[in-house]
Amino acid sequence: MNVLNFVDAFFSDSAHWHGYDGIPRRLLEHVQYSLLALGLAAAIGLPVGLLTGHTGRGGNVLAFLATAARALPSFGLLVLIAIALGFNLLPVMIPLVVLAVPPILVTTYEAVRSVDPAPVDAARGMGMRESRVLFQVELPVALPLILSGLRSAAIQIVSTATIAAYVSLGGLGRYIVDGLYQRDYEKVVGGATLVAVLALTTLALFWAAGRFAVSPGVRRR
Amino acid sequence: MESVTKRYPDGTVAVDQLSLDIPDGSITVLVGPSGCGKTTTLRMINRMVEPTEGTILLDGTDIQRRPVTTLRRSMGYVIQNAGLFQHRTIVDNIATVPRMLGWGKQKARARAAELMERVGLDTSLARRYPYQLSGGQQQRVGVARALAADPPVLLMDEPFSAVDPVVRKGLQDELLRIQAELGKTIVFVTHDIDEAIKLGTMVAVLRTGGRLAQFASPAELLSAPADAFVEDFLGADRGVRRLSFFPSAALELTTAPVVRADAGAERFAAADAPYLLVTDADGRPLGWGTPAGLAAGDTAPDRLLPYGRPFVPGTDSLRAALDCAVLSPTGWAVAVDPDGRVTGVASQTTIGEAIRAAHAAGPADRAGVAP
């Protein structure tokens, strides 16, 4: 039996489409964990990145923190925190947020830093306040790069959120963890396929968001 | 500006004890080599740079006493490469300051469209984005954006340095036209002395270290440079360029060698001149010919010598007249009226005499003489 047979068998089994362990429910859980983690990471990474990028200060500290955070193993962190804090959502969120903040923070900082200084100078020279300079001049131009940081963070979260299953939570990781335990490889492959499809959907959503939110003058078409 | 100094924390002095009285309603040019503090001086006027010492007064009031955003919104600011907002359309770029001042969207856009016409931009470009425009067009948008809220003062920092010479000349002419129409107080920074002389009502020449070398009108600068630095900075041909400030109206013209193409062989042969200027029946120049050649029937335009570029007495300067004479193969400059009809010719000798007479009388006001 090859992988495609597994995939076919998994998705054509109607038992997988409803109930407590059904695909819609697991998918919804996975999306919920991912959105929460991305939201938290963005709430930390975006403001700090925008502010440091605008002022140009703190770049070295950021680079150090980002490198350090990237070196942390998500799974190890999960197990450690779960033992310390118990089996709930918090031990899942912490490693996911730690994973997602560096790409958001570093690309946002770089995106704002790399905005052409001439329009920024012109904006200040015509009497624009600093907050307006950031949100009306720098942000719209930096947006494509900022979105790319959010996108890579989102994809990493979607792929890594499977670890929630290890601490008895739901999500698509359930299929992989349970499947491995039960030696039910149809389930493992099915779960992995769903994760991959969700990651690709995330990619498509960010592409659409870019089309919608980035000015044609910046996209240059 | 009263003894303004800008000293940076590392001890570098960008501007040193600079005092300038910038006249209202005219173009004052700050010119000098790189590192002479001309841009720093300009940026101190809208407080993009704060002076270390000295005060800058605007209409008698210290600019430090006004809120910095209010001050900047009352001054148009144009920079090199325009610095347009690439995410905004042309019309929204121009409407930026009116929108900041709280104008409605429709009113601000209507004003922007009006300004596009004023700076010579087709309003069909209004919905385009900056990347779709050429460098010269972008710079026009930059000027329109600076003029949008009708500020009394316009600060321009090397605005035309990044465009090619032909486009630059167009932009310079446009700026002079806009200035004549609107009467703004313009402070213009450039490193190009020719641009300074062309645009400036007054020119401040700065030397390295931010010290004022000379503050004078272009004509005075060319005729009496304050020192060797200014003389050197003006370049080798300042004598010829100074002729731009002498009108050609008083130039003595002669019509003796001017003949019509259908005058007849006898008229040609009787002429007492080495060359004759042949005109058509309307009096427009065709070219030069020798009396013998013309008498032999060589009156077709392609058999005549070219007459070069004619000058218009009263509009053009002595520099233009001299240029015509130098370019003409016969050494004679052709004078025409504004409709292009020949009013006479002048020899290099006549022009030389006019130059000597003009020098004796001193340079004229810029008015009425195109540089």
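Modeller: Start where the chains meet: 20 residues of chain B are in contact with 18 residues of chain A, contact meaning that the C-beta atoms, placed from the backbone, lie within 7 Å. Keep in mind that this is a predicted model, in which local features need pLDDT of at least 70, side-chain atom pairs count only at pLDDT 80 or more, and totals for chains, interfaces and linings use all residues. Residues are numbered from 1 along each chain as its sequence is written, while chains are lettered from A and ligands numbered from 1 in the order in which they are written.

On the side of chain B that touches chain A, α2 (68-73), β7 (75-79) and α4 (96-100) of chain B each supply at least two residues. Helices (H or I, at least four residues) and strands (E, at least two) are DSSP runs, numbered from the N terminus. Sorted by class, that side of chain B has ten nonpolar, seven polar and three charged residues. Here Ala, Val, Leu, Ile, Met, Phe, Trp, Tyr, Cys and Pro count as nonpolar, Asp, Glu, Lys and Arg as charged, and the others, Gly among them, as polar.

UniProt, in an unreviewed entry, places "domain: ABC transporter" at residues 1-234 of chain B; its positions are in the numbering used here, feature names are shortened, and annotations may be inferred rather than shown by experiment. That span is 38% helix and 22% strand, and its end C-alpha atoms lie 25 Å apart. The domain assignment of chain B, which is automatic or from a database, gives domain 1 (2-244) and domain 2 (258-361). Their C-alpha centres lie 42 Å apart.

Chain B also has an open, antiparallel sheet of three strands, in the order β2-β1-β4; strands pair if DSSP finds at least two bridges between them. The edge strands, β2 (13-18) and β4 (53-55) of chain B, each pair on one side only. On average, neighbouring strands are turned by 25° against each other, direction ignored. Axes are lines fitted to C-alpha atoms, for helices over the stretch in contact, and angles run from 0 to 180 degrees between N-to-C directions. Three bridges join β1 (residues 2-7) of chain B to β2(B), and Lys6(B) has Val15(B) as its bridge partner in β2(B). Helix α1 (residues 38-45) of chain B packs on this sheet, touching β1 and β2 of chain B, with its direction at about 70° to that of β2(B).

How values were computed
Two residues are in contact if their C-beta atoms, placed from the backbone, lie within 7 Å.
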